[in-house]
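Work through the exercises below with the sequence and structure at hand. Each task is followed by a stepwise solution.

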Amino acid sequence: MLSFVLSRSFCQVVTEANRRCYPAFGSIFRTFSTSSPKCDEASDDGSVVTYSELKTMLASHNIQLFDVRNPDEYQAGHIPQAVNVPLDNLEESLQLSPELFEQRFEVKAPTKADDNIVFHCKSGSRSIRALGIAHQLGFSKARHFKGGYSEWVEREGK
């Protein structure tokens, strides 16, 4: 997570310095760098699940959806099939044995090979942190629903 923040900050500083010092070279530089991700796209490298993708995954029951909000937020309303694993407990929880995970959360434990792990929170901030934790632990195919519960409620009309 720290490396993500540092690399993002560094990228933003370099971009701003280039804009100020070399404005004439900006268009030339963009020509050669169009295939590279921009600084603000660093977290959107295929790890984001859209609302429509989430709906499809939920309809087919092909999802392990983890709500990383606090228990009181979860109790006030949550996306169907979501399991509450608060962000503060996520790292510890993902390191539990499959038996203990299933005992604690009453669902099958995720494995590092699973490609249907999705994290969400209220608006995307905590879920991107959850994604970083999961990736550091080896759950490299995990993703997050960037719009979070706020987008879900808005689109579902609840």
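**Salt bridges and their exposure**

The model is predicted. Glu156 has a relative accessible area of 23%, and is thus partly exposed.

**Exercise 1.** Which side chain meets Glu156 in a salt bridge, and which parts does the pair tie together?

*Solution.* Start with the contact. The side chain of Lys55 meets that of Glu156, at 3.0 Å from N to O. A salt bridge needs a distance within 4 Å, so the pair qualifies. Lys55 lies in helix H3 (residues 51-59). Glu156 lies in helix H8 (residues 148-156). Lys55 has 34% relative accessibility and counts as partly exposed.

**Exercise 2.** Classify Lys108 and Asp114: buried or exposed?

*Solution.* Take the lysine. Lys108 has 52% relative accessibility. Exposed means over 50%, so Lys108 is exposed. Now the aspartate. Asp114 has a relative accessible area of 15%. Buried means under 20%, so Asp114 is buried. Then join the two. Their side chains meet in a salt bridge, at 3.9 Å from N to O.

**Exercise 3.** What separates Glu151 and Arg155 along helix H8?

*Solution.* First, the contact: Glu151 forms a salt bridge with Arg155, and their closest N and O atoms are 3.0 Å apart. Second, the spacing: the two residues are 4 residues apart in helix H8. The separation is therefore about one helical turn.

**Exercise 4.** How many salt bridges does the count come to?

*Solution.* Apply the 4 Å cut-off. The count comes to 6 salt bridges. Among them is the pair Lys55 and Glu156.

Methods. Residues are numbered from 1 along each chain as its sequence is written. This is a predicted model: local features need pLDDT of at least 70, side-chain atom pairs count only at pLDDT 80 or more; totals for chains, interfaces and linings use all residues. Side-chain values use heavy atoms; hydrogens and water are left out. Buried means under 20% relative accessible area, exposed over 50%, partly exposed in between (1.4 Å probe, protein chains only).
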